[in-house]
Amino acid sequence: MRTEVITVQTGSRPTVRDITAEAERFVAGQGDGLLHVFVPHATAGLAIIETGSGSDDDLLTALDDLLPADDRWRHRHGSPGHGRDHVLPAFVPPYATLPVVGGRLALGTWQSVCLVDPNGDNPSRQVRFSFLPG
């Protein structure tokens, strides 16, 4: 298995960051197999969605509706409402496994690999790519 960790700057606001290009670079020339993407953080996840047409903002809006950043959460350190960030991985998992065919991600036309980070308290995230050859 080949593995690598990259650092992604997500900033101080909730964000959906497209990391497809980084994933494509990692699997380039690797042949057939599986790419496993993992975010080793308690307050971030991965989504396979369309970006650039508003879906990324729609996802953040849906998460705000589902998990409001208010004082209802028992987990209370960090920014107000930060407890909801710790619930996020139950809805947006911190991992994804993707097929790789001929050294290229086998994504659909409008699919992108995205890091979802609602936690403005942590502006830098790590993402682990692991390639398992077929």
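User: Is Leu132 buried, partly exposed or exposed?
Analyst: Leu132 is partly exposed, because its relative accessible area is 47%. Buried means under 20% relative accessible area, exposed means over 50%, and partly exposed is in between (1.4 Å probe, protein chains only). Before we go on: this is a predicted model, where local features need pLDDT of at least 70 and side-chain atom pairs count only at pLDDT 80 or more, while totals for chains, interfaces and linings use all residues. Residues are numbered from 1 along each chain as its sequence is written, and side-chain values use heavy atoms, with hydrogens and water left out.

User: OK, salt bridges next. How many does the structure hold?
Analyst: Five. A salt bridge here is a side-chain nitrogen of Lys or Arg within 4 Å of a carboxyl oxygen of Asp or Glu. One of them joins the side chains of Asp64 and Arg84, at 2.8 Å from N to O. Asp64 lies in helix H2 (residues 55–66) and Arg84 in helix H3 (residues 83–87), so this pair ties together parts that are 20 residues apart in sequence. Helices are DSSP runs (H or I, at least four residues), strands are too (E, at least two), and they're numbered from the N terminus.

User: Which residues are linked with Arg84 in a network of salt bridges?
Analyst: Asp64 and Asp85. The Arg84 and Asp85 side chains meet at 2.8 Å, N to O.

User: And how accessible are Asp64 and Arg84?
Analyst: Asp64 is partly exposed at 39% relative accessibility, whereas Arg84 is buried at 6%. Asp85 is buried as well.

User: Switching topic: what does strand S5 pair with?
Analyst: S5 (residues 95–101) pairs with strand S3 (residues 33–38) in the antiparallel sense over six bridges. Two bridges also join S5 to strand S6 (residues 104–105), again antiparallel. Two strands count as paired if DSSP finds at least two bridges between them.

User: Which residues stand opposite each other there?
Analyst: Val37 has Ala96 in S5 as its bridge partner, and Val100 stands opposite Leu105 in S6.

User: What's in the turn between S5 and S6?
Analyst: S5 and S6 form a hairpin with two residues between them, and Gly102 in the turn has a positive phi of about 60 degrees.

User: Which residues of S5 are on its covered face?
Analyst: Ala96, Leu98 and Val100. The uncovered face has Tyr95, Thr97, Pro99 and Val101. In a regular strand, side chains alternate between the two faces of the sheet.
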